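Visitor: Hi, I'm new to this one. Could you show it to me and walk me through it?

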Amino acid sequence: MKTYRLRDVSRNFLSHSLTVICAIFCASLISPFVAAQNPPAQPSTTINTQDIVARPIPLRTIGLEPGKIKKWSQRDAIMAALENNIEIDLERENVRLMQYDLIAAQGFYDPSVTSSIFFNKSITPTAARVTGLESGNTVTSDALIYNFSGTQNFERWGSRVQAEFNNRRQGSNINTLTTSYQPSLEFTFTQPLFRGLAIDQTRRQIRITKKSMDLTDAQFRQRVILIISQVQQAYWDLSLAINNERVQRDSVTLAETFLENTKRQVEVGTQAPIETISAATQLEQRRQSVFQAMNAVAQAENRLKALTASGPTDELWSSLIEPTEPFDIKPYSIQVTEAVKLAHENRPEIRQQSLNKEINSINVDFFRNQAKPQIDLVASYSTNGLGGTGPSRTSTTCPSPFTDPVTGRPVCAAVVPEIQNGAFVPAIRTVPFESTTLPPVADRFIGGYGTALGNLFKNQFRTWQVGVQISLPIRNRTAKANLGRQLEIGRQIDLQTRQLMQNIEQQVRNAVQEVETAKMRIDAAEAQENYARQQLDGENKRFAAGLQTTFIVLTRQNELAGAQLSKLQALADYNKAMSNLQSVMSTTLSNNGIELKQEAPVTIK
């Protein structure tokens, strides 16, 4: 044990005493200067907590008419879009336009009829000694020509039939028949044997148009699925925005209640007046959040209206949309392999690629056919008739005989009818002067137009012809290049199809994963909300007992609001993920009980 002597203790005591006395003395000398440098603090401003009051938050009224409310389920929104959406109407018009294109292409096989009527009159000078020329050495004639023809093309083999009914009424001063009728009837049949037998430009266009109609139907179905998916997404976005506004308003209500509680705590002296300012600041911050939420609701509502309104004058724009579909968790479980299989069966894009392949096959067949030689079978058959009126068939003396320069015998010029190219034409012939009687006209040719038609349909003066027309292109690089291009397009379509199938695989897997993840997020968000509520209740009790600060209570309120929003976001994301999964599997229509009716075929009168 250590021992201290009395002398040492006395020495220490005196030393400490002198130190304290020196410190007091120095402080007394310095204090006037410190007082001059630091004047006494001013009394603080008194906080009047009665002036801090909560203000009401108005409802959203911009662009809305009071009392106009549309209470919509998700199906109501979908049906409104199917009825009014402009993009869907545009796709319907594309289907109708394609129907008109098909009718126009098929119109090539409509029978066509043409007709022509001409009248001509001529006076021709002549130096020949012709019987019947009494003055002027002229030949006068007038003719009335009225022809009719009809053409019919056949789709099956590319055949063509043409019929021509020609009529000629002629009067002349040199004909034996002063007025003659010459009808004729001719049929021509053309049949391609190589190029144009299996397919030609018109049949190619018809086949492509039919496939394009199916392609347009698939595109219409794809567009409808896309619009419905957009409506579902917009519906849940609106529902989330409305619930977000409700949570923000509830948060404002909590802040208002807490402000009143804080004011009472200040009045009883358990809290400092500055805590009222903290509560009021948080209240105004939450009011701003409500205004932002109101703006988000308006924008989400306008997005849904844009998908379901018929136009800018639709009364829907001035109505308030109130979603009635709850944020329910609809039990749904599907394996990835099953989802991929459904997508392969239903996706319109796969059908579109298949139709593009079929259209390419039609083009390949056409251009391969165009590379062949052109060999056509052509057959024709015609029959002719004749009838007319003329001078008496009694013998007449040649009025102007002349000497034949070859034989030196007197001869006379006479007009006799001859058949040339299946028709009767007048011809000037010389006959011996001893036989001056003009050649008689057979009785069957004497008469009017009826006589000529009778002779026509007796089919006694007929002509027929059969043969082939051959066209052999040299090298034919155009057709070969077009064929090569279509073959390359076919390989390109195959690659695009492979790429599409890979994209579908990715989309389906992501969509299934998104649904499962949303389920787990909902469970976590519900637990988070429950714990945040318990935390807030505990902090409120501690605050009421004066054991907690305003900052902690307000923080817990914000955490509760955040947990509620997280839960709502998870629920909305789950419903949107379900909508997206239906979209990538193309089961949107069947899952919503929608059946697209085929457009009624257009008719041309």
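This is a predicted model: local features need pLDDT of at least 70, side-chain atom pairs count only at pLDDT 80 or more; totals for chains, interfaces and linings use all residues.

Visitor: How do helix 4 and helix 5 cross?

Guide: Helix 4 (residues 201-268) and helix 5 (residues 274-308) have axes that come within 8 Å and cross at roughly 165 degrees. That makes helix 4 roughly antiparallel to helix 5. Helices here are DSSP runs of H or I with at least four residues, strands are E runs of at least two, and both are numbered from the N terminus. Axes are lines fitted to C-alpha atoms, for helices over the stretch in contact, with angles from 0 to 180 degrees between N-to-C directions. Angles under 35 degrees count as roughly parallel, over 145 as roughly antiparallel, 65 to 115 as roughly perpendicular, and the rest as oblique.

Visitor: Is that crossing left-handed or right-handed?

Guide: Helix 4 passes helix 5 in a left-handed crossing. Left-handed means the near helix is turned anticlockwise from the far one by less than a right angle; right-handed means clockwise.

Visitor: Where does helix 2 come in?

Guide: Helix 2 (residues 74-84) and helix 5 have axes that come within 7 Å and cross at roughly 45 degrees. They are therefore oblique to each other. Ala77, Ala80, Ala81 and Asn84 of helix 2 meet Leu304, Leu307 and Thr308 of helix 5, where contact means heavy atoms within 4.5 Å.

Visitor: And what about helix 2 with helix 4?

Guide: Those axes come within 10 Å and cross at roughly 140 degrees. The crossing of helix 2 and helix 4 is right-handed. Their contact divides into ten nonpolar, two polar and no charged residues. Ala, Val, Leu, Ile, Met, Phe, Trp, Tyr, Cys and Pro count as nonpolar, Asp, Glu, Lys and Arg as charged, and the others, Gly among them, as polar.

Visitor: New topic: how many salt bridges are there?

Guide: A search of the whole structure finds 25 salt bridges. Each is a side-chain nitrogen of Lys or Arg within 4 Å of a carboxyl oxygen of Asp or Glu.

Visitor: Which residue does Asp494 pair with?

Guide: Asp494 forms a salt bridge with Lys357, with the closest N and O atoms 3.3 Å apart. This pair links distant parts of the chain, 137 residues apart: Asp494 sits in helix 9 (residues 477-544) and Lys357 in helix 7 (residues 348-370).

Visitor: What about Glu539 and Arg556, buried or exposed?

Guide: Glu539 is buried, and so is Arg556. Buried means under 20% relative accessible area, exposed over 50%, and partly exposed in between, using a 1.4 Å probe and protein chains only. Glu539 and Arg556 form a salt bridge too, their closest N and O atoms being 3.7 Å apart. Glu539 lies in helix 9 and Arg556 in helix 10 (residues 550-585), so the pair ties together parts 17 residues apart in sequence.

Visitor: Last one: what does Gln232 touch?

Guide: Gln232 lies in helix 4 and counts as buried at 2% relative accessibility. Not counting residues up to four places away in sequence, Gln232 touches Gln74, Ile78, Ser579, Gln582, Thr588 and Asn592.

Key: Residues are numbered from 1 along each chain as its sequence is written. Side-chain values use heavy atoms; hydrogens and water are left out.
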